[in-house]
Amino acid sequence: MIEIGISTFGETTPIENTGETTSHDKRIRELVEEIQLADSVGLDVYAIGEHHRKDFAVSAPEIVLAAGAVNTKNIKLSSATTNISTNDPIRVYQNFSTLDAISNGRAEVMVGRSSFTEGFELFGYSLSNYSELFDEKLEMLLKIRENEILNWEGKYTHNVNGKGIYPRTANKKLSVWVATGGNLESSVKIARLGLPITYAIIGGDPLAFKERIEIYKKVGYAQGFSDDDLKVAMHSWGYIAQSDEEAINEYFYPTKMVVDAISKDRPHWHPLTKQQYLNEVRHGAMFVGSPETVAKKIIKVMEELNVDRFMLHLPIGSMPHEKVLESIRLLGEKVAPLVRKHFDDKK
């Protein structure tokens with residue numbers, strides 16, 4: 001069964017026309033309201049990313065998700081991502097098993113290497129160990145998931161001799177997804193572990209990921225894993241309004257704010273022009289437009305890539321809260337039913 005949901009970083013960039021920047025505390029409270037609305041309109045998952053920057057409000061996704069869990073019933077609650085390389089895997093498991101208890105079994109942790117590297121210096125880790133930290137800490141998290149009593153010897157992590165890790169998830173193993181920007185080596189590693197994968201598809205032709213996904217599946221099957229193990233998700237930037245014109249006009253400014261800010265730190269990023277933006281909307285990885293337009297594009301990409309879960313990253317830059325709520329409402333009440341009907345009719 002396909003799933004439709006939302007990912008967000010809790011962005012706090014200047015809002016168009018006012019120039020005002022939402023405070024971190026206000027944006028976090030808004031996120032809780034957005035989770036509750038997403039649940040009420042029938043979306044399947046809400047995912048929040050961990051960052052340590054001024055332009056993103058959330059450094060502890062599981063706490064915001066726990067607040068959202070209290071007044072929701074069905075929606076799955078995930079990080080997007082938890083930067084496992086700079087976290088203690090024991091605390092990650094404990095925090096998300098606690099979220100799982102509060103939400104009655106709806107917690108998921110999506111781990112990633114983090115393309116934003118502020119956390120390495122902040123928490124005393126070296127970027128020279130970027131890959132090694134991720135691999136070892138993911139291995140440790142998975143061992144904790146499987147074993148109540150932990151025995152562990154690590155190179156980049158501390159040793160643990162026969163200690164219990166609590167609380168445990170009640171009725172199932174904690175759901176662990178792994179996020180990647182599309183690196184082939186990462187896809188192969190994740191497949192060999194039999195873990196579900198999330199691709200961040202945020203630029204260029206989404207269908208370019210088809211070969212990587214096929215390799216991920218092929219490698220996973222060769223290891224004895226099934227489609228139930230090898231779930232594929234994607235998240236892409238997007239925004240929904242009543243008309244294509246309205247959505248395209250309203251989404252350009254917040255998107256440019258984020259891209260331009262990131263381009264100051266990353267040499268391979270460049271300030272966003274209007275023409276580049278329009279090209280991404282029309283031919284690339286941005287899902288922007290009316291409910292019908294966005295649904296049609298989601299169907300095409302999910303079908304071509306054989307994706308199980310689609311998450312609309314909403315918003316990518318700050319927008320008036322009422323606009324974000326309306327876009328969530330349209331995603332749940334208009335877009336998701338069209339997408340689900342298409343795939344249900346194919347069964």
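Strand 9 and strand 10 (residues 232-240) run parallel and are joined by four bridges. In this predicted model, Ala200 is placed opposite His235 of strand 10.

Strand 9 (residues 197-200) also pairs with strand 8 (residues 175-180), again in the parallel sense, over three bridges. Within that pairing, Ala179 faces Thr198 of strand 9. Between strand 8 and strand 9 the chain passes through helix 6 (residues 184-193), giving a right-handed β-α-β crossover.

## Lys137 in helix 5

Helix 5 (residues 130-146) contains Lys137. Lys137 counts as buried because its relative accessibility is 2%, below the 20% cut-off. A polar atom of the Lys137 side chain lies 2.8 Å from the backbone oxygen of Asn87.

Apart from neighbours within four places in sequence, the contacts of Lys137 are Ile84, Ser85, Thr86, Asn87, Pro89, Tyr125, Tyr156 and Thr157. Between Lys137 and Lys189 the C-alpha to C-alpha distance is 14 Å, with a sequence separation of 52 residues.

Glu50 sits in the loop between strand 2 (45-48) and helix 2 (61-69). Glu50 is buried but forms no salt bridge. Lys137 is the nearest side chain of opposite charge, at 10.0 Å.

A polar atom of the Glu50 side chain is 2.9 Å from the backbone nitrogen of Asn83. With neighbours within four places in sequence left aside, Glu50 is in contact with Val58, Ser59, Pro61, Thr81, Thr82, Asn83 and Asn87. Asn87 is also among the contacts of Lys137.

Key
Residues are numbered from 1 along each chain as its sequence is written. This is a predicted model: local features need pLDDT of at least 70, side-chain atom pairs count only at pLDDT 80 or more; totals for chains, interfaces and linings use all residues. Side-chain values use heavy atoms; hydrogens and water are left out. Helices (H or I, at least four residues) and strands (E, at least two) are DSSP runs, numbered from the N terminus. Buried means under 20% relative accessible area, exposed over 50%, partly exposed in between (1.4 Å probe, protein chains only). Lys and Arg count as positive and Asp and Glu as negative; His and the chain ends are not counted. A salt bridge is a side-chain nitrogen of Lys or Arg within 4 Å of a carboxyl oxygen of Asp or Glu. A polar contact is a pair of N or O atoms within 3.5 Å; within protein, one must be able to donate a hydrogen and the other to accept it, and residues adjacent in sequence count only if both atoms are side-chain atoms. Contact means heavy atoms within 4.5 Å. Two strands pair if DSSP finds at least two bridges between them. A crossover is right-handed if, with the strands pointing away from the viewer, the path from the first strand over the helix to the second runs clockwise.
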